[in-house]
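Hi,

Here is the structure I promised to pass on to you. Have a look at it first, and then read on for my notes.

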Amino acid sequence: MATSLAPRRPGPPAAPARGRSGERSARHARLRRRVADNALAYAFMAAGIVCFAVFSWYPLFRGIVLSFQQDNLITDPQWVGLDNYRHLFDDPLFWTAWKNTAEFTGLALLLGYAVPFAIAVLLNELRHFRGYFRIAVYLPVMLPPIVSVMLWQFFYDPGDGLFNTALRGAHLPTSQWIQSPHTAMISLVLVSTWANMGGATLMYLAALQSIPGELFEAAELDGAGVWARLRYVTLPQMRFIMLVLLLLQVISTMQVFIEPFQLTGFTDPSTITVMTLIYRYAFAVNNDFGLAASMSVLLFAVLGVFAALYLRLTREAD
Amino acid sequence: MTAHESAAPATRSLISDQELARPGYRAAYFTVLSLTTVLFAAAFLFPLYWMASSALETPREFAAQTPTLVPKSVHLTAYHDAWTQMDIAHFFLNTVWYAAGGWLIQISVDVCAAYALSKLRPVFGKAVFAGMLASLMLPSAALLVPAYLTVSDLPLLHLNLLNTPWALWLPGAANAFNIYVLRRFFDQIPGELLDAAAIDGASRLQTLLRVVLPLSRPVLAVISIFAVVGMWKDFLWPLLVLQDPGKQTLSVALHRLSTSTTQVPPTEMIAGLSIAAVPMIVLFLFFQRHILGGLSAGALKG
């Protein structure tokens, strides 16, 4: 590419021989130019900065302050120190919500983490219908989440929902699905996995395709079978993306909301999660925004640990 | 960005073509291929088929003991009733309006910010950019309650944005992902091009509109698609800030109707779900290269 000799900022070239006052005015002009350039740049960024300041930076600060206040949106907020946190620790639902969230995250990892990886490895070996497989696995991701969840709500119907009808047809025992405290959680995980696994699958697939073929070639020449190649070539090559997606998945599944909210509500102790409890505190039952804010601060702290790990990991890779 | 997904692997994968050509492997390959094909159809396509076709059945056929996979006769009543009686038409238009306005605002705000950060490079630009990126690490859940309070009573202005489109549009404009992607793209546009425009007497704004934006079509397409999809799928935030039933998005209205005391016939409800899904499926089929390509590009760059 030819390099252009055009000056960065076109303007009359400074006259070389000038008096002292000329030098000062030239410096002045340059300064004014820089101020004008900066003002223009900030004018371009103004709307963005205001939006971030009002809807992202300020709420973070306000959330922390709010967690030490009592606020019901009707009377003026009052400073209550650590009362909200004390309240939380005394509320049995608080502990239930964390336990359930951990259980959801754990189950979602077992299913939603292993399955997309296995599917991606499989799809990468298939030489036919590549487009079909990708589109099919990603279709549920495109659906509005409420559509997926409500659709599965019909499937889960213990009477003549699709699942129990199919099980009955195959002479297998049926299940109460979301209606029973024993199977409710796994039912939430199933629909969540179905709705979200497409993204992870396609990211794994892209990563698999970037593994240099010579590595497999060399392993095969050394007599490595398919399993050995998977174990000693594919897995080590995929370690980074697997770690990244692991952290991202933990961060997103811990914020699970719509599945329990639509399928089991925010009262059922067998499936109440951190997010549905926050909703319950602020908007549904207690109208206590301070309490909800202190719960949010705790969630933020926990997720912050994973976010920091994620940052460190991706920084190192750069 | 779309280069990766379309390219079949030029290099070999785990199992080589020669291996697959062996007789035993060949049979196994076609068994696995057909099984996967059928399983994918059952797991991912069938639920959608069930949704579209159940809404074509009469309520009586839908409730029958032995379910029918293909409707005995096609009835558009459920779709029609959902569209008019359940007022899905109204919520559909609401959502289209929110998505269109949100897209326009998001793109204008983020393009301007990214352009300034990339090409005008003001003092403290790096700090501002870092502050924006930091918001990517903030889990949206943790900001929900204070953000709701902020929207209900804007600082300094004391405006209440609840039940107005602005409650979706303005927070949506604070999109660090967009700014990050746009800035990275703008960085690759050679400065000489912009200088040439400046010599021709173009102002910074004209340069942005006439030089930078036309070059940025691919990245703008990806960002626009993700913006519209994101707004169509959003649930929790619209649930909080649009509590007035007349203002609700399709997703929120479907939830409300499903929990309301007046019983909606299931076929009508399912018709509503199908209608909510159709725009996303159409969008996906039209722009799958952009969507899948954007995903794989994101994966490779971490």
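Let's start with what the UniProt record says about chain B: the unreviewed entry puts the feature "transmembrane region" at residues 27-50, 96-117, 129-151, 166-186, 207-232 and 269-287. Keep in mind that what you are looking at is a predicted model.

Now for chain A. Its unreviewed UniProt entry gives "transmembrane region" at residues 39-58, 104-123, 135-155, 184-207, 240-258 and 289-311. I looked at two of these. Residues 39-58 of chain A are 100% helix and 0% strand, with end C-alpha atoms 24 Å apart. Residues 184-207 of chain A are 100% helix and 0% strand too, and there the end C-alpha atoms are 34 Å apart.

The annotation "domain: ABC transmembrane type-1", again from an unreviewed UniProt entry, covers residues 98-310 of chain A. In the model that span is 76% helix and 0% strand, and 22 Å lie between its end C-alpha atoms. For chain A the domain assignment gives domain 1 (23-66) and domain 2 (83-317), and their C-alpha centres lie 40 Å apart.

Inside chain A, one helix pair is worth a visit. Helix H3 (residues 92-125) packs against helix H9 (residues 226-253) at an angle of about 145°, with 11 Å between the axes. The crossing of H3(A) and H9(A) is right-handed. On the H3(A) side the contact is made by A:Phe104, A:Thr105, A:Ala108, A:Leu109, A:Gly112, A:Tyr113 and A:Val121, and on the H9(A) side by A:Thr234, A:Leu246, A:Gln249, A:Val250 and A:Thr253. Sorted by class, the residues of this contact are seven nonpolar, five polar and no charged.

So how do the chains meet? In the model, 90 residues of chain A are in contact with 83 residues of chain B. Helix H1 (residues 20-66) of chain A gives the most to chain A's side of this contact, with 22 residues. That side of chain A is made up of 64 nonpolar, 17 polar and nine charged residues.

H12(A) crosses H8(B) in a left-handed way. From H12(A), the residues that take part are A:Phe289, A:Ala292, A:Ala293, A:Ser296, A:Leu299, A:Phe300 and A:Leu303; they meet B:Ala141, B:Ala142, B:Leu144, B:Val145, B:Pro146 and B:Leu149 of H8(B). This contact has 12 nonpolar residues, one polar and no charged.

Last, a word on confidence. The model scores ipTM 0.90 and pTM 0.88. Chain A has a mean pLDDT of 88, and 93% of its residues reach 70 or more. Over residues 1-15 of chain A, though, the pLDDT is below 50, and that stretch has 11 contacts in the model beyond near neighbours in sequence. Chain B also has a mean pLDDT of 88, with 94% of its residues at 70 or more. Here the pLDDT falls below 50 over residues 1-9, a stretch with 19 contacts beyond near neighbours in sequence.

Cheers

Conventions:
Residues numbered from 1 in each chain as written. Chains lettered and ligands numbered in written order. Predicted model: local features only at pLDDT ≥ 70, side-chain atom pairs only at ≥ 80, totals over all residues. Contact = placed C-beta atoms within 7 Å. Helix = DSSP H or I, 4+ residues; strand = E, 2+ residues; numbered from the N terminus. Nonpolar A, V, L, I, M, F, W, Y, C, P; charged D, E, K, R; others polar. Left-handed = near helix turned anticlockwise from the far one by under 90°. Domains from an automatic or database assignment. pLDDT = per-residue confidence, 0-100. UniProt positions renumbered as here; feature names shortened; annotations may be inferred. Axes fitted to C-alpha atoms, helices over the stretch in contact; angles between N-to-C directions.
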